[in-house]
Amino acid sequence: MFSLNVSVPGRVERLASELHPALTAFDSIRERHSLVIKRFDTTLDDDANSLPRLRERLRGTLRGVEPFEVRIDGIDAFEIPTRGEGPVVYLGVESPGLFDLHDRLCEEFGIVPELEGDDYTPHVTLARGGRIEDAQALAERDVESVRWTVEEVHVWDGRYREGAVRIPL
């Protein structure tokens, strides 16, 4: 499955690294971080399984999208995530531009149920699995706010676990 993601800056990676000792209580800790804008699902769109077709449609859909600001605004958790083992501890993200782009992409490519549209919660996953009490304790912790400007997005290829295409805004 492909997704459209935003790379996080080094300041977010450093924040995740500083939090690492507090994350060891969880079953798995995410070592590579990004921010998912949109997942592409073949049940919603035939082009979702073809990188060349997806790339060309994205270029058209992204035409006119200006760079936008993103801000990490704290730690939170999904106690029972839509997919996979919970809880999921994450860095919360605030960005009107990100929500606007997500909505535009959902109009073009469809909404993955329970993950997108009104259910979309932009975040950077830190860890998952373990005790809900540990997740709740982390969510009460204050973290430094990190802001950056998104100037490009990339298509993530879940089969190979790597970025496949970068698209400037």
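A: H154 stands opposite R166 in strand 9. This is a predicted model, in which local features need pLDDT of at least 70 and side-chain atom pairs count only at pLDDT 80 or more, while totals for chains, interfaces and linings use all residues. Residues are numbered from 1 along each chain as its sequence is written, and side-chain values use heavy atoms, with hydrogens and water left out. Helices (H or I, at least four residues) and strands (E, at least two) are DSSP runs, numbered from the N terminus. Two strands count as paired if DSSP finds at least two bridges between them.

Strand 8 and strand 9 run antiparallel and are joined by six bridges. The two form a hairpin with four residues between them, and in the turn R161 has a positive phi of about 55 degrees. For comparison, most residues other than glycine have a negative phi. Strand 8 also pairs with strand 1, again in the antiparallel sense, over four bridges. There, L4 has V155 of strand 8 as its bridge partner.

These strands belong to an open sheet of four strands, with antiparallel pairing and the order 3-1-8-9. Its edge strands, strand 3 and strand 9, each pair on one side only. On average, neighbouring strands of the sheet are turned by 30 degrees against each other, direction ignored. Angles here run from 0 to 180 degrees between N-to-C directions, and the axes are lines fitted to C-alpha atoms, for helices over the stretch in contact. Contact itself means heavy atoms within 4.5 Å. Another bridge pair of the sheet is E152 with P168, the latter in strand 9. Helix 2 packs on this sheet and touches strand 1, strand 3, strand 8 and strand 9, its direction making about 30 degrees with that of strand 9. Helix 3 (residues 96–109) lies across strand 1 and strand 3, and runs at about 20 degrees to strand 3.

R57 forms one with D45, and the closest N and O atoms are 2.7 Å apart. The structure holds eight salt bridges.

On a 1 Å grid over the protein atoms alone, a pocket is an open set of points where a 1.4 Å probe fits, with protein on both sides within 12 Å along at least five of seven lines, and lining residues have an atom within 4 Å of a point. The largest pocket is lined by 34 residues, and R30, V36, R39, H123 and T125 lie nearest its centre. Strand 1 (2–7), strand 3 (34–40), strand 6, strand 8 (152–157) and strand 9 (162–168) are the elements that give two or more residues to this lining. The space in the largest pocket is about 1,100 Å³, where grid points are joined across faces, edges and corners and the volume is the space filled by probe spheres set on the points.

Strand 6 belongs to a second sheet. This is an open sheet of five strands in the order 2-6-5-4-7, with antiparallel pairing. Strand 2 (28–29) and strand 7 (146–150) are its edge strands, each pairing on one side only. Five bridges join strand 5 (residues 88–94) to strand 6 (residues 123–128), and G92 stands opposite H123 of strand 6.

Definitions and conventions
Salt bridge = Lys/Arg side-chain N within 4 Å of Asp/Glu carboxyl O.
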